[in-house]
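This briefing is meant to be read with the sequence and the model side by side.

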Amino acid sequence: MSEVRIAAEPRTEFGKGAARRTRRAGKVPAVLYGHGTDPEHISLPGHDLMLALKTPNVLLRIEGLGDGAELALPKDVQRDPIKGFLEHVDLLLVKSGEKVTVSIPVNVTGNVVAGGRMVQAEVEISIEAEATHIPQGVDLDIEGLELDSQVLAKDLKLPAGATLAADEELLIVQIVDATVSTEPVETAAEEGAEGVGESAEGESAE
């Protein structure tokens, strides 16, 4: 897994006003933590960080720190809900050879059997891997799966060096009959409960 070098600057002002000033300067407020150390408040160049974060679980080499460069993984990325720009990033310190738990994408390939439809219940899977060797994703080939087939987390062929951190019975993909609706159907008990509620409301209204 390649590293992305990014230059950090110490951050001494805090609060919403200080964060806005940092972002106006084209930088993103961030916190670097882990390994039992005190959190370190820094700012990172916004454009460089945005490009780096396009890679899932990107390994960042944070330069410009007082104790020298450090390796870190993004753990929490906050974006503006409307405009999408980066507001704040939490970074977890890691070391070469250290095991970390991360989520990686499940990349589905292959064609669905005739008359079937694929339902992907999970688009990511939680794994444990070395911090400097995190796979970009796990491939799942659905070619040849018959109707009503299910693929569970334990069925995935994880990349070398990765182990499953999710529940083994977690449903990832299933092949369903394309002609059958998967919309939830109201049970008789639910319909009866609604009728009771409507009746009670009518009585109270009187």
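Leaving aside its neighbours within four places in sequence, which residues is I172 in contact with? Counting contact as heavy atoms within 4.5 Å, I172 meets V106, V119, Q120, A121, E122, I125, L140, V151, L152, A153 and L156. This is a predicted model, in which local features need pLDDT of at least 70 and side-chain atom pairs count only at pLDDT 80 or more, while totals for chains, interfaces and linings use all residues. Residues are numbered from 1 along each chain as its sequence is written, and side-chain values use heavy atoms, with hydrogens and water left out.

**Nonpolar cores**
- A nonpolar core is a set of buried Ala, Val, Leu, Ile, Met, Phe, Trp, Tyr and Cys residues joined through side-chain atoms within 4.5 Å, where buried means under 20% relative accessible area, exposed over 50%, and partly exposed in between (1.4 Å probe, protein chains only).
- The largest nonpolar core has 23 residues, of which I125, L140 and I172 touch the most other members.
- The largest share of this core, 4 residues, comes from β8, strands being DSSP runs (E, at least two residues) numbered from the N terminus.
- Apart from this core lies another, of 19 residues, including A30, L44, L60 and L86.

**Surface**
- V113, in the loop between β8 and β9 (116-120), is partly exposed, with a relative accessible area of 33%.

**Strand pairing**
- Strands pair if DSSP finds at least two bridges between them; β1 (residues 3-7) and β5 (residues 59-63) run parallel and are joined by 5 bridges, with I62 in β5 as the bridge partner of I6.
- β5 and β6 run antiparallel, joined by 3 bridges, and I62 stands opposite E70 in β6.
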